[in-house]
Amino acid sequence: MTRSVLLSSFMLLCVTVIESSILSNISFLYVVPDLVLICTIYFSLLNGKTLGVTNGFISGMFLDFITGVPFGFNCLYRTLIGYAYGLFSNTIIISGIMVPMMSVGIGTLVKSILVHLVALFFPNVNVYVTGIISYQLLFEFVENVLLAPFIFKFLGFFKKYLVIRTTKDRVDDV
């Protein structure tokens, strides 16, 4: 389990740096895709709610430190998303194209709602410039959904090092 947490945390750190320093400087992107959310959803669906909560919190912590928002803002809603997707780790098979697209699409919509709810507790964070449904959300939704199968496939190459339990162990738990 420690190896999986360390490797997934390192991957989340790399993706956070790529998202916040490289993708945010590309001028033709209207909105930066949330690669960290996609990775968090993958890790949660792969290993369950315990690692989902851990990865959600760690990814939120990385984003809080790098983006400069008040500490805990990203941690809170990403932890909730990690837990929610971890609940479905035994029922959802993450291979294919449609399942990653639907999971990430739902995750992006849930993220938008949770960001606006969590912003009520952080008066310094101004997310009300755009509503819950906006063009930014539409573009982020499309980018996340289109990138999800590719990122899930890429992370699948490291599945041997990321998974805590095998499929046989999951069947025995049920």
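H2 crosses H4 with right-handed geometry. That is where I start. One caveat before the details: this is a predicted model.

Let me stay with those two helices. H2 covers residues 35-47, and H4 covers residues 73-86. Their axes sit 8 Å apart, at an angle of about 35°. Who makes the contact? On the H2 side, the residues are Val36, Leu37, Thr40, Ile41, Ser44 and Leu45. On the H4 side, they meet Arg78, Ile81, Gly82, Tyr85 and Gly86. Sorted by class, the contact of H2 with H4 holds six nonpolar residues, four polar and one charged.

Next, a residue in H4: Asn74. Is Asn74 buried or exposed? Asn74 is buried, because its relative accessible area is 7%, and the cut-off for buried is under 20%. The side chain of Asn74 makes a polar contact with the side chain of Tyr77, at 2.7 Å. Now skip the neighbours within four places in sequence. Asn74 then contacts Gly60, Leu63, Asp64, Thr67 and Val69.

Step back to Gly72. This glycine is in the loop between helix H3, 49-67, and H4. Gly72 also counts as buried, with 17% relative accessibility. Beyond four places in sequence, Gly72 is in contact with Asp64 and Phe122. Asp64 is on the contact list of Asn74 as well. For a distance check, take Gly72 and Lys49. They are 23 residues apart in sequence, and their C-alpha atoms are 19 Å apart in space.

Now the rings. A pair of aromatic rings is described by two values, the distance of the centres and the angle of the planes. How many aromatic pairs are there? The count is seven. One of them is Tyr42 with Phe152, with centres 5.1 Å apart and 75° between the planes. That pair is edge-to-face. Tyr42 belongs to H2, while Phe152 belongs to helix H6, residues 135-156, so the pair ties together parts 110 residues apart in sequence. Both partners are buried. Tyr42 has 2% relative accessibility, and Phe152 has a relative accessible area of 4%.

Another pair is Phe154 with Phe158. Why is this pair edge-to-face? Because the planes of Phe154 and Phe158 stand at 75°, and the cut-off for edge-to-face is over 60 degrees. Their ring centres are 5.4 Å apart. Accessibility here reads as follows. Phe154 is partly exposed, at 47%. Phe158 is partly exposed too, at 27%. Back to Tyr42 and Phe152 for a moment: with Phe43, they form one aromatic cluster.

Last stop, Ser4. Ser4 is placed in helix H1, residues 2-22. Ser4 is buried, at 3% relative accessibility. A polar atom of the Ser4 side chain lies 2.4 Å from the backbone oxygen of Leu162. What else does Ser4 touch, leaving out residues up to four places away in sequence? The list is Asn47, Leu51, Tyr161, Leu162 and Ile164.

To recap: H2 and H4 pack at about 35°. Tyr42 and Phe152 link H2 with H6.

Key
Residues numbered from 1 in each chain as written. Predicted model: local features only at pLDDT ≥ 70, side-chain atom pairs only at ≥ 80, totals over all residues. Heavy atoms only, no water. Axes fitted to C-alpha atoms, helices over the stretch in contact; angles between N-to-C directions. Helix = DSSP H or I, 4+ residues; strand = E, 2+ residues; numbered from the N terminus. Left-handed = near helix turned anticlockwise from the far one by under 90°. Contact = heavy atoms within 4.5 Å. Nonpolar A, V, L, I, M, F, W, Y, C, P; charged D, E, K, R; others polar. Buried < 20%, exposed > 50% of the residue type's maximum accessible area, 1.4 Å probe, protein only. Polar contact = N/O pair within 3.5 Å; in protein donor to acceptor, adjacent residues only side chain to side chain. Phe/Tyr/Trp six-rings, centres within 6.5 Å; stacked < 30°, edge-to-face > 60°.
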